[in-house]
Amino acid sequence: MSSPVEPVQVPIRDESIRLGQLLKLAGVVDDGAMARSVIELGEVTVDGAVEVRRGAQVRPGQVVTYAGQSLHVVTGG
């Protein structure tokens, strides 16, 4: 019995976080180089739209998806 992958809540300290930093913080990429690569290749979406800027600001309430994993950005951390 398989169920959909549960979204992961990723708490951030500030009002926003750069997309590349978020992927590293959530542990879905190994390092900044990998984050840059998957973002530039169009493999990452923010609120359902492809985002190709590593420095794009992501804020609490937004949902980032990469490799079938949804990351819900929340305040805290």
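## Helix α1 and its residues

Lys 24 sits in helix α1, which spans residues 19-26; helices here are DSSP runs of H or I with at least four residues, strands are E runs of at least two, and both are numbered from the N terminus. This is a predicted model, in which local features need pLDDT of at least 70, side-chain atom pairs count only at pLDDT 80 or more, and totals for chains, interfaces and linings use all residues. Residues are numbered from 1 along each chain as its sequence is written, and side-chain values use heavy atoms, with hydrogens and water left out.

Lys 24 is partly exposed because its relative accessibility is 41%; buried means under 20% relative accessible area, exposed over 50%, and partly exposed in between (1.4 Å probe, protein chains only). Gln 21 also lies in helix α1, and at 38% Gln 21 counts as partly exposed. From Gln 21 to Ala 35 the C-alpha to C-alpha distance is 8.0 Å, across 14 residues in sequence.

## The mixed sheet

Now for the strands. Five of them make an open sheet with mixed pairing, in the order β1-β7-β6-β3-β4. Since β1 (8-12) and β4 (49-50) are the edge strands with a single partner each, one side of each has no neighbour in the sheet. Pairing requires that DSSP finds at least two bridges between two strands.

Strands β6 (residues 63-66) and β7 (residues 69-75) run antiparallel to one another, joined by four bridges. Val 64 has Leu 71 in β7 as its bridge partner.
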